[in-house]
Amino acid sequence: MDCRTQIELIKTGFSKNRKLLIAIGDETRQNIITVLMGNCTGLRVGEITARTHLSRPAVSHHLRILLDCGLVSLDKQGTKNYYSLNIGEEFQSFFTLVHNIAEFKKAKDAGLLTGGE
């Protein structure tokens, strides 16, 4: 594959993953993600608050961002809201981006890129 094609794949990947990259780039949201990883059935805001030592408004704010990028899902059961990690298509797209970057690096290191800028 030529250099320009690989770069375009990577640009597209960055664009497609922008919300996810912003979401996982924040240390507080990383902490919430790891808390959610420890529970397969979902957690309520109060439980996340207790485990992260953040305020309820802070947890709600960060959960909104994680929901927006699709990394967290919400399960409403009556008046209770349960948040859980949604590792699906969002991370598959991210894995593809990382793979494309790794392939670019491998090709560059081997001197195999053609049509460079």
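Reader: Where is the place of Ser15?
Author: In this predicted model, Ser15 belongs to helix α1, which covers residues 3-16.

Reader: Is Ser15 buried, exposed or partly exposed, and why?
Author: Ser15 has a relative accessibility of 40%.

Reader: Ok, zooming out. How many helices and strands are there in the protein?
Author: The protein has six helices and two strands.

Reader: In what order do the elements run from the N terminus on?
Author: The order is α-α-α-α-α-β-β-α. The overall fold is more spread out than a compact globule, because the radius of gyration is 18 Å, well over the 13 Å that the globule rule gives for 117 residues.

Reader: What does the C-alpha trace span along its principal axes?
Author: About 60 × 25 × 20 Å.

Reader: What share of the contacts is between residues 24 or more positions apart?
Author: Such pairs account for 57%, counting contacts with a separation of 6 or more.

Reader: How much of the protein is buried?
Author: Buried residues are 33% of the 117. The accessible surface comes to about 7,500 Å², and carbon and sulfur atoms hold 54% of that surface.

Reader: Now His53. Where does His53 lie?
Author: His53 sits in the loop between α4 (45-52) and α5.

Reader: Buried or exposed?
Author: His53 counts as exposed, because its relative accessibility is 72% and the cut-off for exposed is over 50%.

Reader: What is phi of His53?
Author: Phi of His53 is near 60 degrees, which is a positive value, and His53 is not a glycine. Most residues other than glycine have a negative phi.

Reader: Last topic, confidence. What is the mean pLDDT of the protein?
Author: The mean is 91, and 96% of the residues reach 70 or more.

Reader: Which elements have the lowest and highest mean pLDDT?
Author: Helix α6, residues 89-109, has the lowest mean at 90. The highest, 97, belongs to helix α5, residues 56-68.

Note on methods: Residues numbered from 1 in each chain as written. Predicted model: local features only at pLDDT ≥ 70, side-chain atom pairs only at ≥ 80, totals over all residues. Heavy atoms only, no water. Helix = DSSP H or I, 4+ residues; strand = E, 2+ residues; numbered from the N terminus. Rg over C-alpha atoms; globule rule 2.2 N^0.38 Å. Buried < 20%, exposed > 50% of the residue type's maximum accessible area, 1.4 Å probe, protein only. Contact = heavy atoms within 4.5 Å. Areas by Shrake-Rupley, 256 points an atom, 1.4 Å probe, with all protein chains shown as cover. pLDDT = per-residue confidence, 0-100.
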